[in-house]
Amino acid sequence: MHMLKSKSYWLSLSLMLSLAVMGMFYDILNSPDRGYVVLNSPIDQMLPFIPAMSIPYLGWYPFVFGVLAYLCAKDRLMYYRVLLSMNICVWICYLIYFNFQTMVPRPELTAAGPGSAVISWLYSQDRPFNCFPSIHALHSYLVMRAVLSVSNIRRYIKVLVSAGAALIIISTLLIKQHVIYDALGAIVLGECIFTIITGLALHRRRRKESKWTEGIS
């Protein structure tokens, strides 16, 4: 409760607006104007189309921002690292979208049932481009990776966040919004950038500590 009254917490939390600013460029690249390729695999053809999975897919928004807000309260430095990683990764995604645009063929929406109205709305709002790597999978993986890296976060919280991230990543495949290469590419990209950012931060901290302890035996 004390944290919610902290000015520094809300100032730090406002940095999440950087993700919203980055999102403004998404629609500019979400088109077939530069040509596109279809990345598909036998695994994607075997996976069923489940419209109801559009609900956890849309749950990505509160999930990612909720976990970031939690990280901001639990470990401010980790929050900064993962937020920086997310912004860098999105820029890389945009460069890939511009130079290597991909498209995921969508199934015909005919059956009514749980999630049908949601998936129909989702398809109408988001064109089937900007697929590789998947930003949905990328951000879900990064916030999970950050939570797993914080030692003072309870195990059940880590399990819940991991389950939520996995569900969202799987949902991208089961509503045919992405293919497996999109998810795998996002995970590899996220892991590489997060590892680099974390490594640089630890190296800087060690250098700072050695500066003040140099010559002390």
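Analyst: The disulfide count is zero, where a disulfide is a pair of cysteine sulfur atoms within 2.5 Å. This is a predicted model, in which local features need pLDDT of at least 70, side-chain atom pairs count only at pLDDT 80 or more, and totals for chains, interfaces and linings use all residues. Residues are numbered from 1 along each chain as its sequence is written, and side-chain values use heavy atoms, with hydrogens and water left out.

Take the cysteines next. Cys131 has a relative accessible area of 1%, so it is buried. Buried means under 20% relative accessible area, exposed over 50%, and partly exposed in between, with a 1.4 Å probe and protein chains only. Cys72 also counts as buried, at 1%.

Now the stretch around Cys131. Asn130 sits in the loop between α8 and α9. Helices here are DSSP runs of H or I with at least four residues, strands are runs of E with at least two, and both are numbered from the N terminus. The phi of Asn130 is positive, near 50°, and Asn130 is not a glycine. Asn130 is buried because its relative accessibility is 1%. A cis peptide bond links Phe132 to Pro133, with omega about -5°. Pro133 belongs to the loop between α8 (116–125) and α9. Most residues other than glycine have a negative phi, and most peptide bonds are trans.

Ser134 caps the N-terminal end of α9, with a side-chain oxygen 3.4 Å from the backbone nitrogen of His136. Such a polar contact is a pair of N or O atoms within 3.5 Å; within protein, one must be able to donate a hydrogen and the other to accept it, and residues adjacent in sequence count only if both atoms are side-chain atoms. α9 has 15 residues and spans 21 Å from its first C-alpha to its last, close to the 21 Å expected at 1.5 Å a residue. The expected span is 1.5 Å times one less than the number of residues. Of the 15 residues in α9, 12 are buried. Among them are His136, His139, Ser140, Tyr141, Leu142 and Val143.

What does Met86 touch? Its partners include His139, Leu142 and Val143, along with Leu19, Val64 and Leu68, leaving out residues up to four places away in sequence. Contact means heavy atoms within 4.5 Å. Val143 also pairs up in space with Gly66: their C-alphas are 9.8 Å apart, at 77 residues' separation in sequence. Gly66 lies in α6. Gly66 is partly exposed, because its relative accessibility is 38%.

Now the core. Met86 is one of the residues that touch the most other members of the largest nonpolar core, which has 48 residues; Phe63, Leu68 and Tyr94 are also among these. A nonpolar core is a set of buried Ala, Val, Leu, Ile, Met, Phe, Trp, Tyr and Cys residues joined through side-chain atoms within 4.5 Å. Helices that each supply at least two core residues include α6 (60–74), α7 (76–99) and α9 (135–149). The largest share, 10 residues, comes from α7. In soluble globular proteins, nonpolar side chains tend to be buried together.

Last, the setting. The chain has 11 helices and zero strands. Buried residues make up 44% of its 217 residues.
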